[in-house]
Amino acid sequence: DTLTVPLMSVGGHGVVSVLSNLAPEKVVAMVGAAQKGDFKEAGRIHRALFPVFKSMFVETNPVPVKYAMAQKGLLRPDVRLPLAQLEEGSKKVVEAGLEVLETVA
């Protein structure tokens, strides 16, 4: 997710996104702006979402995004082995990312 706009600015096409599971409309807006060549807007969204992107990788994917989605009531926070539940400190990082996400227009 953190490399989407930079890669699209040099010719990349689209993204396989973790955050799109939680906030698809925000990722679609960012990618759509980049596809239209509006890198000012794509960059604005990218910079606003950057702390959220980072929080989604505080531990092994998909554990942080599953925790975030559970916090939003979208699914249960369960993970299967060999994955483990999110550590308490990492939960705080993800929760901070969720707070930032609420501010991104």
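1. Read from the N terminus onward, the elements of the protein run α-α-α-α-α, which amounts to 5 helices and 0 strands. The radius of gyration is 14 Å, close to the 13 Å that the globule rule gives for 105 residues, so the protein is as compact as a globular protein of that length. The model discussed here is a predicted one, and the remarks that follow should be read as a description of that model.

2. On overall dimensions, the C-alpha atoms fill a box of roughly 40 × 25 × 20 Å when this is taken along the principal axes. Of the 105 residues, 38% count as buried. Where contacts between residues at least 6 apart in sequence are considered, 57% of them join residues at least 24 apart.

3. The helix pairs can be taken in turn, since two packed helices are described by the angle between their axes and the distance between the axes. For α2 (24-35) and α3 (residues 39-55), the axes come within 8 Å and cross at roughly 145°, and the crossing is left-handed. From α2, the contact is made by Lys26, Ala29, Met30, Ala33 and Ala34, while α3 contributes Phe39, Glu41, Ala42, Ile45, His46, Leu49 and Phe53. Sorted by class, this contact of α2 with α3 has 9 nonpolar, 1 polar and 2 charged residues.

4. Helices α3 and α5 pack at an angle of about 155°, with 8 Å between their axes, and that angle makes α3 roughly antiparallel to α5. The passage of α3 over α5 is a left-handed crossing. On the α3 side the residues in contact are Ala48, Leu49, Pro51, Val52 and Ser55, and they meet Val93, Val94, Gly97, Val100 and Leu101 of α5. By class, the contact of α3 with α5 has 8 nonpolar and 2 polar residues, with no charged residues.

5. In the pairing of α4 (residues 63-71) with α5 (residues 88-103), the axes come within 10 Å and cross at roughly 60°, which makes α4 oblique to α5. Here α4 passes α5 in a right-handed crossing. Pro64, Tyr67, Ala68 and Gln71 of α4 meet Lys91, Val94, Glu95 and Leu98 of α5, and the class count for this contact is 5 nonpolar, 1 polar and 2 charged residues. In α5, Val94 meets residues of α4 and also takes part in the contact with α3.

6. Because 7 of its 9 residues are buried, α4 is largely enclosed by the rest of the structure. The buried residues are Val63, Pro64, Val65, Tyr67, Ala68, Met69 and Ala70, and what covers them includes α3 and α5.

7. Asn61 and Pro62 are joined by a cis peptide bond with omega of about 10°, and Pro62 is found in the loop between α3 and α4. A cis peptide bond also joins Leu81 and Pro82, where omega is about 15°, and Pro82 is found in the loop between α4 and α5. Gly73, which follows α4, has a positive phi, near 80°.

8. Two individual residues illustrate opposite ends of the accessibility scale. Leu101 lies in helix α5 and is buried, with a relative accessible area of 5%. Leaving aside residues up to four places away in sequence, Leu101 touches Leu22, Ala23, Lys26, Leu49 and Val52; of these partners, Lys26 belongs to the α2 side of the contact with α3, whereas Leu49 and Val52 belong to the α3 side of the contact with α5.

9. Val16, by contrast, lies in the loop between α1 (4-9) and α2 (24-35). With a relative accessibility of 81%, Val16 counts as exposed, the cut-off being over 50%. Val16 and Thr4 are 12 residues apart along the chain, and their C-alpha atoms are separated by 8.8 Å.

Methods:
Residues are numbered from 1 along each chain as its sequence is written. This is a predicted model: local features need pLDDT of at least 70, side-chain atom pairs count only at pLDDT 80 or more; totals for chains, interfaces and linings use all residues. Side-chain values use heavy atoms; hydrogens and water are left out. Axes are lines fitted to C-alpha atoms, for helices over the stretch in contact, and angles run from 0 to 180 degrees between N-to-C directions. Helices (H or I, at least four residues) and strands (E, at least two) are DSSP runs, numbered from the N terminus. Angles under 35 degrees count as roughly parallel, over 145 as roughly antiparallel, 65 to 115 as roughly perpendicular and the rest as oblique. A crossing is left-handed if the near helix is turned anticlockwise from the far one by less than a right angle, and right-handed if clockwise. Contact means heavy atoms within 4.5 Å. Ala, Val, Leu, Ile, Met, Phe, Trp, Tyr, Cys and Pro count as nonpolar, Asp, Glu, Lys and Arg as charged, and the others, Gly among them, as polar. Buried means under 20% relative accessible area, exposed over 50%, partly exposed in between (1.4 Å probe, protein chains only). The radius of gyration is taken over C-alpha atoms; the globule rule is 2.2 Å times the number of residues to the power 0.38.
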